[in-house]
Amino acid sequence: MSKRTALLIGAGGFGRVHLNELVRLSDEGLLELAAVSDVRLPDNAAAVMAERGIRHYADYREMLAGESGADFVIVSTPIPLHVPMSVDAMEAGYHVLLEKPPAAVIQDVDRIAAAAGRTGRLCAVNFMAPSPKALALVERTVASGELGRIRCIKAIALLRRTAAYYGRTPWAGKLSANGALVLDGAFHNPAAHLLYSMLKLAETAAGALDRQTEPLRVTAEMYHANQIESDDTSAMRIEMSDGTPLCYYVTLCARETETQRIRIEGTEGALEWDYGDQVRVWRYGLGKAHDCAEGGMLERRYRNLIRAIDGEDDRLDVSLASTRRFALAANGAFESSGTVRTIPDAFVTRSAAEDMPGAYIHGIEADIKAAYAAGKLFSELGVPWAVPSEPFELEAYRHFPQRFNAAGI
Ligand SMILES: NC(=O)c1ccc[n+]([C@@H]2O[C@H](COP(=O)([O-])OP(=O)(O)OC[C@H]3O[C@@H](n4cnc5c(N)ncnc54)[C@H](O)[C@@H]3O)[C@@H](O)[C@H]2O)c1
């Protein structure tokens, strides 16, 4: 693997995590970080950069024009900036590692993909996904028939987000910011990795049986208990073209955060993957644990992109193309729900404390676990604040309407 040169756009917020990792890996000699662009460079980032001679540009376009010796650009900025920044970077000849979600709407994912096709540049996305070792285990287990016929794949995220979470950046919890759609809700941001990973595992399980699978339709219920525009509690069912239903559950209103996990259920057994890349396989009630962790996620993303640039890896672990299904499901969920429903105050306790959810939905832990166990949406389970939605067809879906705003479609 050759030593490649990186540029970073966005060094505050999550960009700080990239900056730290890039500095660490440049110390190890894996890559070089030549320059950073940020309109409001945080003081602590400026200090690290000054110490190491990393150049700063307020305007990212000037950086793209002035650093032509670099190989790839990491884009870690607010969601509406992903399209112009990644397209400009590829047009200027750089490969791109784009933060998740690649864009808020399907037509913008397609615009980035068109730029990648036009320029022949690689575009990877920093979705957290099962490690290659975990994917190989899933493939082997499904192909062996150990689980029997796959009945469904389910994902669950119980997370606690405090009131401060929604104050950290102006676009937090918003459907749109400065006139641009951001759709910054539970499955588009903190649990976006889980939705992407569930679709990835569905693809892997189908591939193990020599099948392809794509989302056909989605039925989703989206709610908020926090005083935000977007969702903090959602459930969706995605019908796939191979017949496997996918069920996804998330809340940011739990008292405690639990490890996010995905379960593949078969007629003879089950497989469960969690965020730490720990996999358990059950057959006839007997479980076996497998440690499939493979190092830090960001390092894996950088290494994979560099190897792909060098031609040593024939594919990206998380290619932009593979994220199209995520965008389809996520946009379709908004279309199906039609609006984000407010959970009545009688079911909610609000708090500004650092160790409490900004809004706690009474009994959400039991409700969401019951829905997950049964593979039902909240309304199908009879949860008192839940309202049914209609399925939304995803075949030939190419455009999310700009008119989706706080008042719904
Ligand atoms: N992979 C993960 O686990 C993870 C975690 C958190 C956030 N994210 C993603 O990272 C991205 C950034 O999120 P965030 O919360 O850090 O956002 P943010 O609003 O904190 O912005 C990040 C940085 O971008 C800079 N910026 C804004 N406009 C700019 C411009 N025109 N030119 C250069 N820099 C500019 C800001 O000054 C800031 O320092 C989003 O896509 C988000 O979903 C990913």
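Author: Happy to, and let's start with Met128. In this predicted model, Met128 has 19 other C-beta atoms within 10 Å; a residue counts as buried at 20 or more and as exposed at 12 or fewer, so Met128 is partly exposed. Met128 sits in the loop between strand 6 and helix 6 (132-144). Setting aside residues up to four places away in sequence, Met128 touches His193, Ser197 and Met297. Val23 is 105 residues from Met128 along the chain, and 21 Å separate their C-alpha atoms.

Now widen the view to the two domains. The protein chain divides into domain 1 (4-126) and domain 2 (132-295 + 321-393). Their centres, taken over C-alpha atoms, are 29 Å apart. Domain 1 brings 13 residues to the contact and domain 2 brings 18 residues. On the side of domain 1 that touches domain 2, helix 5 (residues 106-119) gives the most, with three residues. By class, that side of domain 1 has 11 nonpolar residues, one polar and one charged.

The nonpolar theme carries on into the core. The largest nonpolar core holds 129 residues, and Leu8, Val96, Leu195, Met198, Tyr248 and Tyr249 have the most contacts inside it. Helix 7 (residues 192-208) gives the most to this core, with 10 residues. The core also draws at least three residues from each of domain 1 and domain 2. In soluble globular proteins, nonpolar side chains tend to be buried together. Take Leu195 as a case: leaving aside neighbours within four places in sequence, Leu195 is in contact with Phe187, Tyr248, Phe326, Ala329 and Ala330.

Helix 8 (residues 297-310) deserves a visit too. Helix 8 has 14 residues and reaches 20 Å from its first C-alpha to its last, close to the 20 Å expected at 1.5 Å a residue. Its buried residues are Arg301, Tyr302, Asn304, Leu305 and Ile306. Among the elements that cover those buried residues are strand 1 (4-9), helix 1 (15-27), strand 2 (31-37) and strand 6 (123-126). After helix 8 comes Gly311, with a positive phi near 80°.

Last, the ligand. It is surrounded by 22 residues, and the closest are Gly10, Gly12, Gly13, Phe14 and Glu99. The shell around the ligand is made up of eight nonpolar, 10 polar and four charged residues.

Technical notes
Residues are numbered from 1 along each chain as its sequence is written. This is a predicted model: local features need pLDDT of at least 70, side-chain atom pairs count only at pLDDT 80 or more; totals for chains, interfaces and linings use all residues. A residue is near a molecule or strand if its C-beta atom, placed from the backbone, lies within 6 Å of it. Ala, Val, Leu, Ile, Met, Phe, Trp, Tyr, Cys and Pro count as nonpolar, Asp, Glu, Lys and Arg as charged, and the others, Gly among them, as polar. A nonpolar core is a set of buried Ala, Val, Leu, Ile, Met, Phe, Trp, Tyr and Cys residues joined through C-beta atoms within 7 Å. Helices (H or I, at least four residues) and strands (E, at least two) are DSSP runs, numbered from the N terminus. Domain bounds come from an automatic or database domain assignment. Two residues are in contact if their C-beta atoms, placed from the backbone, lie within 7 Å. The expected span of a helix is 1.5 Å times one less than its number of residues.
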